[in-house]
Protein chains: 2
Amino acid sequence: MELLRKRILQDGRSFEGGILKVDSFINHQMDPVLMKSIGVEFVRRFASTDVNKVMTIEASGIAPAIMTGYLLDLPVVFAKKKSPRTIRNAISTTVHSFTKDRDYEVVISADFLTPQDRVLFIDDFLAYGNAALGVMDLIRQSGAKLVGMGFIIEKSFQDGRKMLEEQGVRVESLAIIDNLSDGRIAIRE
Amino acid sequence: MELLRKRILQDGRSFEGGILKVDSFINHQMDPVLMKSIGVEFVRRFASTDVNKVMTIEASGIAPAIMTGYLLDLPVVFAKKKSPRTIRNAISTTVHSFTKDRDYEVVISADFLTPQDRVLFIDDFLAYGNAALGVMDLIRQSGAKLVGMGFIIEKSFQDGRKMLEEQGVRVESLAIIDNLSDGRIAIRE
């Protein structure tokens with residue numbers, strides 16, 4: 001996705017330890033017009049599938065997911081990162097964050113993730129794939145079917161794709177970062 | 001907003017203690033087509049203003065905010081409910097949640113809320129207005145100007161509007177709930 005690639009090269013910033021900051025247009029401040037284009041690209045990539053629900057995880061996944069759901073005219077459900085006591089029929093799992101070096105609980109209501117759902121999961125980043133693993137566990141518990149996972153940005157050197165593909169998941173990333181050494185951003189052509 | 005009013009009456013559920021659950025279409029599972037219509041209505045209500053940035057707070061505010069920002073072609077920034085160590089130039093404040101009976105910290109980067117910003121704040125609910133108060137404090141600290149606040153649903157019996165209007169804030173709510181007693185949902189015509 002050339003528009004995204006150019007934007008990351010222009011406005012992204014690379015930091016020590018494989019960190020890419022895109023907080024001026026993706027995950028703190030957001031460019032909604034870019035998010036719409038991202039939604040269009042997800043629709044295109046998963047055009048051959050029979051998805052009937054978009055799923056994401058709070059908070060940075062919500063913007064690309066709602067745009068994708070809007071374009072497909074499908075409901076969007078987001079998993080929550082702690083357990084509000086108000087969630088009925090909660091399904092939960094534990095996710096380990098490498099970035100923050102801690103575990104957190106992810107929760108969704110079984111009312112909105114059911115055996116009838118064919119789920120497209122959308123998120124901002126694929127790194128080690130830990131959040132994605134947690135999502136797969138929620139989907140498995142619910143009896144829903146995972147159709148595929150779409151990420152705005154993949155860090156290819158952190159092996160999330162390998163782990164997901166080994167489990168049979170179809171993965172689509174709109175920008176693949178191969179290297180973040182020395183303050184550079186190497187995006188795959 | 002008649003579409004929203006009908007949807008709340010159809011799919012909302014009223015619980016003891018003034019609780020309205022709209023988690024099947026607003027704040028857990030979301031209807032993106034309704035969110036787009038909500039965005040259109042916010043654009044209409046704030047048409048006379050000179051807003052140049054949309055602001056919200058994670059997580060349920062993101063969907064209506066991104067739709068509003070998309071329609072206006074304006075950047076959208078969301079305040080975060082805890083302090084990721086990765087936020088540079090953080091501005092923070094403390095918000096008391098009546099629902100959860102606890103305080104939480106709300107953080108935003110001063111990189112994305114500046115004295116040049118004329119802010120439209122969008123959120124899903126206006127109840128006591130505590131989150132809105134916190135947002136006003138962030139905006140005050142940043143030197144930005146608050147143009148107005150738009151809420152999908154206002155609970156008129158919880159006095160958030162009164163408090164905000166006393167401070168000179170323009171408040172627009174797309175559905176105003178006057179009563180949630182006895183399992184009924186009374187929405188103002």
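**Exercise 1.** Find how strand S8 (residues 118-126) of chain B and S9(B) pair, and over how many bridges.

*Solution.* Start with the direction: S8(B) and S9(B) run parallel, with 8 bridges between them. Strands here are DSSP runs of E of at least two residues, helices are runs of H or I of at least four, both numbered from the N terminus; two strands pair if DSSP finds at least two bridges between them. Next, pick a position: Phe121(B) sits opposite Met149(B) in S9(B). Finally, check the cover: 9 of the 11 residues of S9(B) (145-155) are buried, meaning under 20% relative accessible area with a 1.4 Å probe, protein chains only.

A friendly note on the set-up: this is a predicted model, where local features need pLDDT of at least 70 and side-chain atom pairs pLDDT 80 or more, while totals for chains, interfaces and linings use all residues. Residues are numbered from 1 along each chain as written, chains are lettered from A and ligands numbered from 1 in written order, and side-chain values use heavy atoms, without hydrogens and water.

**Exercise 2.** Describe the interface of chain A and chain B.

*Solution.* First, count residues: 39 of chain A are in contact (heavy atoms within 4.5 Å) with 39 of chain B. Second, take the area: about 3500 Å² is buried between the chains, 65% of it on carbon and sulfur atoms; this is accessible area (1.4 Å probe) lost on being put together, summed over both parts. Third, look at strands: S3(A) pairs with S5(B) (residues 76-79) in the antiparallel sense over 2 bridges, and Gln29(A) stands opposite Val77(B).

How values were computed
Buried area is the accessible area (1.4 Å probe) that two parts lose on being put together, summed over both. Buried means under 20% relative accessible area, exposed over 50%, partly exposed in between (1.4 Å probe, protein chains only).
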